[in-house]
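Please keep the sequence and the coordinates in view while reading.

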Amino acid sequence: MAYGKSAVAAKSATGMEEVLVWLREDLMGELEAINQYQVHIDNIDDVEIKELLAHIRDDEKEHVAEITHLIARIDAIQREKFAEDHTMEASERIAGGEDESKVLTVGSMLGRK
């Protein structure tokens, strides 16, 4: 998705549609920030700086979760899509809490926390 296109969409949107466009743009920015911090963490040797950047990266992850939840509250179709999990069969899903080692995260798929 091109950033410029969403700005055009925001001009024609009204009320909550406009807010959703802005939230999606904010979400893209937060995700880009996470990736940028991770690249810097991976390429800096100083432990103190790495720890500070990791803390900031994790704050950005919290922002992603907050914005995602807010979008789900406003957009009923998006809320339905978030509720669906097409990545595995229902019988294989972990509802949470029982065995966290089996829960896949982006980090665990990349061999990180």
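Arg-57 and Asp-58 are joined through their side chains by a salt bridge, with an N to O distance of 2.9 Å. The term salt bridge denotes a side-chain nitrogen of Lys or Arg within 4 Å of a carboxyl oxygen of Asp or Glu. Side chains of opposite charge can pair when their charged atoms come close. Arg-57 is buried because its relative accessible area is 14%, whereas Asp-58, at 38%, counts as partly exposed. Here buried means under 20% relative accessible area, exposed over 50%, and partly exposed in between (1.4 Å probe, protein chains only).

The model is a predicted one, in which local features need pLDDT of at least 70 and side-chain atom pairs count only at pLDDT 80 or more, while totals for chains, interfaces and linings use all residues. Residues are numbered from 1 along each chain as its sequence is written, and side-chain values use heavy atoms, leaving out hydrogens and water.

How many salt bridges does the structure hold? The number is two. Asp-75 takes part in a salt bridge with Arg-24, where the closest N and O atoms are 2.8 Å apart. This pair links distant parts of the chain, 51 residues apart: Asp-75 lies in the loop between H3 and helix H4 (76-83), and Arg-24 in helix H2 (residues 15-43). Asp-75 is buried, at 13% relative accessibility, and Arg-24 is partly exposed, at 33%.

Helix H3 (residues 47-74) contains Glu-51, and Glu-62 also has its place in helix H3. Glu-51 counts as exposed because its relative accessibility is 55%; Glu-62, at 45%, counts as partly exposed.

Together with Asp-45, Asp-46 and Glu-48, Glu-51 forms a negative surface patch. Such patches are made of residues with over 30% relative accessible area and no salt bridge, like charges being joined within 9 Å and nonpolar side chains (Val, Leu, Ile, Met, Phe, Trp, Tyr) within 5 Å.

The protein chain has five helices and zero strands; these are DSSP runs, helices (H or I) of at least four residues and strands (E) of at least two, numbered from the N terminus. Of its 113 residues, 21% are buried. The mean pLDDT, the predictor's confidence in each residue from 0 to 100, is 83 for the chain, and 71% of the residues reach 70 or more.

Key. Areas by Shrake-Rupley, 256 points an atom, 1.4 Å probe, with all protein chains shown as cover. Lys, Arg positive; Asp, Glu negative; His and termini not counted. Charge placed at Lys NZ, Arg CZ, Asp CG, Glu CD.
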